[in-house]
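Student: I have a structure to study and would like to talk it through. May we begin?
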Amino acid sequence: MRPGKPLLLLGGAMAASFPAWADPSFVLDHVTITGNTSVTTDKLMDVIQERPGSRISQADILADRDSMMKVLEGANVVGSVGARITTKPNKHVLVEFTVDDRGVQAPTVTKVAARLNTQVFEGNKALTTEQLRAASGLNPGDTLTDATVQAAEKAIQAAYAKSKLPLDVNITGSIAQNAGKVDITWHITEKKGKPKRNTDDEGGQKLDQ
């Protein structure tokens, strides 16, 4: 959650003495920061450009307030920053930045469901890409998880086993993901192996004693 919108709290004395703040003609005597608990005062003070003795305008105060808000936002602090300005004789002012610190809140992470965009098969010769794509059981737009990808790999292996071709097959997959869209490339290595024996035909055979 992002910090709330900053608020500028204008004191009555300041509003009466300096309603426009058009020119940097006021001298800063002192600046304080109150209300902060999640971020140290030193970190907030470091981003303030004005120091005692500086001539300041309303724009300067607002710029400092916005800089402090960025520090709070970077620390995931929920809240706001206001400014109280007190005028003194001879156009001198005191500035107090008041932090409405509502504590640190972990940033909200929006998870995008991974969905299949394309499937590419490389190295397959014994079985066609169409056969392997059908065997995988995956279609564009399907939601993907580790389990579904692993199941697809096993299904491709099973398709080779079912073909009973004299091949030793190795299958690996690589995944590229962009904005929730997943491209899977299946890398297939087919090597000649021993002919697959038909165990059904051997079931009735016996060895001579």
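Tutor: Let us begin with a definition: helices here are DSSP runs of H or I with at least four residues, numbered from the N terminus. Please also note that this is a predicted model.

Student: Which helix does Asp-64 lie in?
Tutor: Asp-64 belongs to helix 3, which covers residues 58-74.

Student: Is Asp-64 buried or exposed?
Tutor: Asp-64 is buried, yet it has no salt bridge.

Student: Which side chain of opposite charge is nearest, and how far away is it?
Tutor: That is Arg-51, at 6.6 Å.

Student: What does the side chain of Asp-64 reach, then?
Tutor: It reaches the backbone nitrogen of Gln-49, at 3.0 Å.

Student: Which residues is Asp-64 in contact with, leaving aside neighbours within four places in sequence?
Tutor: The contacts of Asp-64 are Val-47, Ile-48, Gln-49, Glu-50 and Phe-97.

Student: What about Ser-67, where does that lie?
Tutor: Ser-67 is also a residue of helix 3. Its relative accessibility is 26%, so Ser-67 counts as partly exposed. The C-alpha atom of Ser-67 is 7.2 Å from that of Ile-48, although the two residues are 19 apart along the chain.

Student: Changing topic, how many helices and strands does the chain have?
Tutor: The chain has six helices and seven strands. Along the sequence they follow the pattern α-β-α-β-α-β-β-β-α-α-β-β-α.

Student: And how much of the chain counts as buried?
Tutor: Of its 209 residues, 29% count as buried. The chain exposes about 13300 Å², with carbon and sulfur atoms supplying 51% of that area.

Notes
Residues are numbered from 1 along each chain as its sequence is written. This is a predicted model: local features need pLDDT of at least 70, side-chain atom pairs count only at pLDDT 80 or more; totals for chains, interfaces and linings use all residues. Side-chain values use heavy atoms; hydrogens and water are left out. Helices (H or I, at least four residues) and strands (E, at least two) are DSSP runs, numbered from the N terminus. Buried means under 20% relative accessible area, exposed over 50%, partly exposed in between (1.4 Å probe, protein chains only). Accessible areas come from the Shrake-Rupley method with a 1.4 Å probe; for residues, only the protein chains shown count as cover. Lys and Arg count as positive and Asp and Glu as negative; His and the chain ends are not counted. A salt bridge is a side-chain nitrogen of Lys or Arg within 4 Å of a carboxyl oxygen of Asp or Glu. A polar contact is a pair of N or O atoms within 3.5 Å; within protein, one must be able to donate a hydrogen and the other to accept it, and residues adjacent in sequence count only if both atoms are side-chain atoms. Contact means heavy atoms within 4.5 Å.
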